[in-house]
Amino acid sequence: MKHVRTTALLACAAALLLSACGGESGQAAPAAPTSAPTAAAESSTAAAAPAGDVTKPGTELKLGERAVVPFKYGTNKSGTIAITVTAIDKGDNADLAKYGDKAKGITPYYLRATVENVDGADLAYSSVSLRALGSDGRSTGVIITGSTDQCKSGTAGKDFTTAGAKFETCTLQGAREGATVEAATFDKGDGYDKSPVVWKN
């Protein structure tokens with residue numbers, strides 16, 4: 001598998017399964033099939049910064065390194081989590097077969113991570129998503145919601161309420177044919193939305 005690099009997606013249409021976002025050519029990516037799964041939405045506003053050390057917005061890490069960040073999920077869940085991006089794997093277009101022609105010319109990438117509850121806040125059933133950056137340090141211009149057999153999105157269980165609790169997750173991202181993903185980012189919350197944490201190989 002090829003390790004690669006990612007970036008935050010800005011102003012993407014959340015209702016689309018596959019969509020262009022900020023592409024230079026202005027071409028729209030294929031529309032999403034209505035039957036396709038969609039990822040859970042997350043608030044872009046983080047909880048107040050917790051006591052103790054947290055990873056500063058804009059920090060660049062290597063794969064396997066841990067970022068501690070304030071986290072808010074939904075309207076009433078907040079706490080501190082640690083995210084470790086463990087791999088950025090390149091898939092095959094055939095992995096997107098269930099999306100049909102709408103995935104033509106798109107290569108999937110799998111952003112794999114471990115999420116840990118740091119402060120013991122009640123974050124049961126929460127989820128975390130990452131974003132991909134291309135070789136130019138920008139969005140790839142493609143977003144894919146849902147999952148494949150090769151990349152299953154994980155969600156915290158009911159016991160994700162104690163310090164040290166963990167779960168594994170995978171965020172499905174994509175790049176147009178000929179482009180690559182070179183980094184993964186976390187861009188949720190004040191400060192991180194404008195200056196995300198970035199993991200590079």
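**Salt bridges, sheet and disulfide in a predicted model**

Arg 112 is partly exposed, with a relative accessible area of 24% (buried means under 20%, exposed over 50%, partly exposed in between, with a 1.4 Å probe and protein chains only). The model is predicted: local features need a pLDDT of at least 70, side-chain atom pairs count only at pLDDT 80 or more, and totals for chains, interfaces and linings use all residues. Residues are numbered from 1 along each chain as its sequence is written, and side-chain values use heavy atoms, with hydrogens and water left out.

Confidence was examined by region. The mean pLDDT of the protein chain is 81 (pLDDT is the predictor's confidence in each residue, from 0 to 100). A value of 70 or more is reached by 74% of the residues. Strand E2 (residues 60-62) has the highest mean, 98. Strand E1 (residues 18-19) has the lowest, 44. Strands (E, at least two residues) and helices (H or I, at least four) are DSSP runs, numbered from the N terminus. Over residues 1-51, pLDDT stays under 50. For this stretch the model has 150 contacts beyond four places in sequence (contact means heavy atoms within 4.5 Å).

Five salt bridges are present in the structure (a side-chain nitrogen of Lys or Arg within 4 Å of a carboxyl oxygen of Asp or Glu). One of them joins Arg 112 to Asp 89, with the closest N and O atoms 2.8 Å apart. Arg 112 belongs to strand E5 and Asp 89 to strand E4 (residues 77-90), so this pair ties together parts that are 23 residues apart in sequence. Asp 89 is buried, at 9% relative accessibility.

A salt bridge also links the side chains of Glu 116 and Arg 66, at 3.3 Å from N to O. Glu 116 sits in strand E5 (residues 106-117) and Arg 66 in strand E3 (residues 66-73), so parts 50 residues apart in sequence are tied together. Glu 116 is buried, at 17% relative accessible area. Arg 66 is partly exposed, at 42%. Another salt bridge pairs Asp 149 with Lys 152, at 3.6 Å between the closest N and O atoms. Asp 149 is exposed, with a relative accessibility of 67%.

Thr 84 is found in strand E4. Thr 84 is buried, at 15% relative accessibility. Beyond its neighbours within four places in sequence, Thr 84 contacts Gly 64, Glu 65, Arg 66, Arg 112, Ala 113 and Thr 114. Thr 84 and Arg 112 are 28 residues apart in sequence, and their C-alpha atoms are 8.6 Å apart.

Four strands form an open sheet in the order E2-E10-E9-E6, with mixed pairing (two strands pair if DSSP finds at least two bridges between them). E2 and strand E6 (131-134) are the edge strands, each pairing on one side only. Neighbouring strands of this sheet are turned by 35° against each other on average, direction ignored (axes are lines fitted to C-alpha atoms, for helices over the stretch in contact, and angles run from 0 to 180 degrees between N-to-C directions). E6 and strand E9 (residues 181-186) run antiparallel and are joined by four bridges. Ala 132 stands opposite Ala 184 in E9.

The structure holds one disulfide (a pair of cysteine sulfur atoms within 2.5 Å). Cys 151 and Cys 170 form this link, with their sulfur atoms 1.9 Å apart. Cys 151 lies in the loop between strand E7 (143-144) and strand E8 (166-176), and Cys 170 lies in strand E8, 19 residues apart. The link is left-handed, with -105° about the S-S bond. Cys 151 is buried, at 1% relative accessibility. Cys 170 is buried too, at 5%.
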